[in-house]
Amino acid sequence: MAVKELFAQLHEIAENPRAQLDKYLAQGKKVVAVAPIYTPEEIIHSMGIVPMGVWGADLELNEAKKYFPAFISAIVQSILECGIRGDYKGVSALVVPSLCDNLMVLGQNWKYAVPDIPYVPMSYPQNRKPAYGKKFCKASYERVINDLTIATGCKYSHPALRESIKIYNEHNAVMREFAELASEAKISAVERHDVFKSAWFMLKEEHTAIVKQINEELKNGPKADETARVYVSGVLADAPQLLKVFDDNGVKIVFDDVAAESRQYRTDCPEDFQDPIDGMAQKWANMDNCSFLYDRDKKRVGMIVEQAKAHKAQGVIVLMTKFSDTEEFDFVPIKRACEKEGIQILNIEVDRQMVNYEQASTMIQAFKEMI
Amino acid sequence: MGEEVKKSRPAPDPNSAKFKLGKIAADAYTDAIAAKERGELVGWCASNFPVEIPETLGLYVCYPENQAAGIAARGGGVRLCNEAESEGYSNDICAYARISLAYLKVKDAPEQNMPQPDFVLCCNNICNCMIKWYENIAIERNIPMYLIDIPYNPDYEVSDAEVEYVREQFWDVIHSLEEYTGKKWSDEKFKEVMEYSGKASRMWIEATSQAKYIPSPFNGFDLLNHMAVMVTARGKKEAGEAMEQLLKEYKENHENGTSTFRGEEKYRIMFEGIACWPWLRVTSTGLKSRGINMVTTIYADAFGFIYDDFDGMCRAYANVPNSMNLEQSRDKRIKLCKDNHVEGLLVHTNRSCKLWSGFMPEMSRQIGEACGIPVVSFDGDQADARNFSEAQYDTRVQGLMELMEANKAGKEDK
């Protein structure tokens, strides 16, 4: 299949998660929604359940306002809005991690706003590297297994988790390869994003099969000719109109530190643990370079600078999700580090509520002139 | 023209709880400043970090949240928030954090100075924002950060797995601090600190519970000042003694039919949320002028750490108000409302605090229904004066008063 057809296929899926949900339900599968930023998808997958990402939607908030004050992230608010509207009907549970204050309050409100879809909390340790952190992480995973067993009737087994870990590790590798190839290939910001977004709505083995083909095509395809190369960081780079601004202005996204995109695929789960849940806890311990993970040394800041340089980015664009204070705190050290290295940096505030991208467009155009 | 005659305030009674509590709160800063001048290491500490650890080790610590509240109450909040925003910090970030990060840069705030930190003690049992804030302090000053991670508890009870996780971190932090500061942990000293903290907590809880009497023997705004001692010094002997004096005075007030609430107590409310420090007088007067006494707040419960042993301490710190699920948070407030004969709930929707305010609409609805009381909210901020409207506050409080009046009338009709 030609690369454009593969992109079109993923675009269709990225734009129509409901159709994917209905497809899996029609196949008799159970589907569990997984909230940002990280959840133990391998475990969910191993129980024969399809994990589907929910990162909210660009819509007007009405019902969610009865639960949240205005200063809660619109990602979280729109997840609740979708839940109340019935967009997730058919889903057996929602797994929400404890990784920021926005997510904590989502779980509490969910219980009352969407009572027909059970809330499953995933309490991650932030002191994740010591043995006691891994032990607590394992206990939290076991609690998720227990809750999902009750919610879906699906059973857990070690052999099945070992298989799912392999599937997820392969998907990680394929996605990392895609991100590298996309750095030099002729590919639009919208197409690049569709590859990442569609992953949230597909079984990973299905997604891997398509992305592998895309990667092969990209290796032999035309190279990028944009003159402006940028590195993008943030929680989401999701709005089609915003991505179009990049494409219309010939600004190429050469690599990313976006939570819904590359951050998901950096760390594999070790496969050599006797108890694969211990392997999952070790994966959590090995994860770093993310605003949502405790990091006294702010290694993420140095990583952004290094990755931007390695991919010959002339500037860093931070797509700052409004009211994501976790990201807002990191912005200052990132800005200082970029300025020290002579890398231009632009902060664009984004929101699930945005309808007008004129200002963002003007900022990106001006940024292109600067770099 | 005759000389202006000024009313002079009587000198405070040095035996009064108010004097003692004020001195303890002030000494916390002067002691830390003196320690720094002597060349000792001084830390910055999160308000719900287990004070038993620095106290037992004999470490001097200051509390940035307390400092930010003090700066905001004395009018310096916006100046420092602007300073942080000029560095690139979003004005959506917690105003305490903005003030603190700005202070790190400017190093001087006449409203409330404190020594620059040599280490930070962080605990996220009140919000995850603490981690990010303290990471930034640690990286800017290039100093050690000790984090006790207490994950938000989605269940009603604290699990054994969580207690074990917290306990292991306690020991890890204790040993790391011993290594860094050269101070040694002593089980005997810990036992003593635990007793002091327990006494201060018991006295605080009992003193605040005196609001069960009608009229209440105190104005609830007193608690907002006195709680500073529970934040900064609950592990000290003097704190327990001062709280004991506070309890004695409240009991005497009740027996004598007096109160620190001036005027007739017509209505009794619970105030929900952190105080609007920059607008303390306005928020207080708006209630007092209508005869509304804020008789209770979750602070009455928040700083009462009562436990019998090390594991009990771990469990207590994993069960502070902002780490509880909605159901337990709701039930604690319902109990406070019922015990203290509350007639209305006034909710501060605090822009600085996502965790505290993020499920407040649902929780306060449930509290209102369970207690049969009206609930009214207003928009504000714990330290950024720009996020508060006096007119809105006044209208909302008036509305609450009218609802309480209608409730009273309804009850009388029956």
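B:Asn142 is exposed, with a relative accessible area of 65%; here exposed means over 50% relative accessible area, buried under 20%, and partly exposed in between (1.4 Å probe, protein chains only). The model is predicted, so local features need pLDDT of at least 70 and side-chain atom pairs count only at pLDDT 80 or more, while totals for chains, interfaces and linings use all residues. Residues are numbered from 1 along each chain as its sequence is written, chains are lettered from A and ligands numbered from 1 in the order in which they are written, and side-chain values use heavy atoms, with hydrogens and water left out.

**Exercise 1. Describe the backbone at B:Asn142 and at A:Phe323, and state where each residue lies.**

Step 1. Most residues other than glycine have a negative phi, and most peptide bonds are trans.

Step 2. B:Asn142 has a positive phi, near 55°, and is not a glycine. Its place is the loop between α6 (129–141) and β4 (145–148) of chain B. Helices (H or I, at least four residues) and strands (E, at least two) are DSSP runs, numbered from the N terminus.

Step 3. A:Phe323, also not a glycine, has a positive phi of about 70°. The loop between β7 (315–321) and α13 (325–340) of chain A holds A:Phe323. With a relative accessible area of 8%, A:Phe323 is buried.

**Exercise 2. Is helix α13 of chain B mostly covered or mostly uncovered, and against which helices do its buried residues pack?**

Step 1. Helix α13 (residues 310–317) of chain B is mostly covered, since 6 of its 8 residues are buried. These residues are B:Phe310, B:Gly312, B:Met313, B:Cys314, B:Ala316 and B:Tyr317.

Step 2. The buried residues of α13(B) pack against α2 (52–57), α7 (160–181) and α8 (187–208) of chain B.

Step 3. B:Ile174 lies in α7 of chain B and is buried, at 0% relative accessibility. Not counting residues up to four places away in sequence, B:Ile174 touches B:Ile53, B:Leu57, B:Trp185 and B:Phe310; contact means heavy atoms within 4.5 Å.

Step 4. B:Ile174 and B:Phe190 are 16 residues apart along the chain, and their C-alpha atoms are separated by 12 Å.

**Exercise 3. Which residues does B:Asp222 contact, leaving aside neighbours within four places in sequence?**

Step 1. B:Asp222 is found in helix α9 (residues 221–232) of chain B. At 18% relative accessibility, B:Asp222 counts as buried.

Step 2. Once neighbours within four places in sequence are left aside, B:Asp222 is in contact with B:Tyr250 and B:Thr260.

**Exercise 4. Examine three salt bridges of chain B: B:Lys248 with B:Glu252, B:Arg333 with B:Glu272, and B:Asp384 with B:Arg386.**

Step 1. A salt bridge is a side-chain nitrogen of Lys or Arg within 4 Å of a carboxyl oxygen of Asp or Glu. The whole structure has 75 salt bridges over all chains.

Step 2. In the bridge between B:Lys248 and B:Glu252, the closest N and O atoms are 3.4 Å apart. Both residues lie in helix α10 (residues 237–256) of chain B, 4 residues apart, about one turn of the helix. B:Lys248 is partly exposed at 45% relative accessibility, and B:Glu252 is partly exposed at 33%.

Step 3. B:Arg333 and B:Glu272 meet at 2.6 Å, N to O. B:Arg333 lies in helix α14 (residues 326–339) and B:Glu272 in strand β5 (residues 267–272) of chain B, so the pair ties together parts that are 61 residues apart in sequence. Both B:Arg333 and B:Glu272 are buried.

Step 4. The side chains of B:Asp384 and B:Arg386 form a salt bridge of 2.8 Å, N to O. B:Asp384 is buried at 2% relative accessibility, whereas B:Arg386 is partly exposed at 40%.
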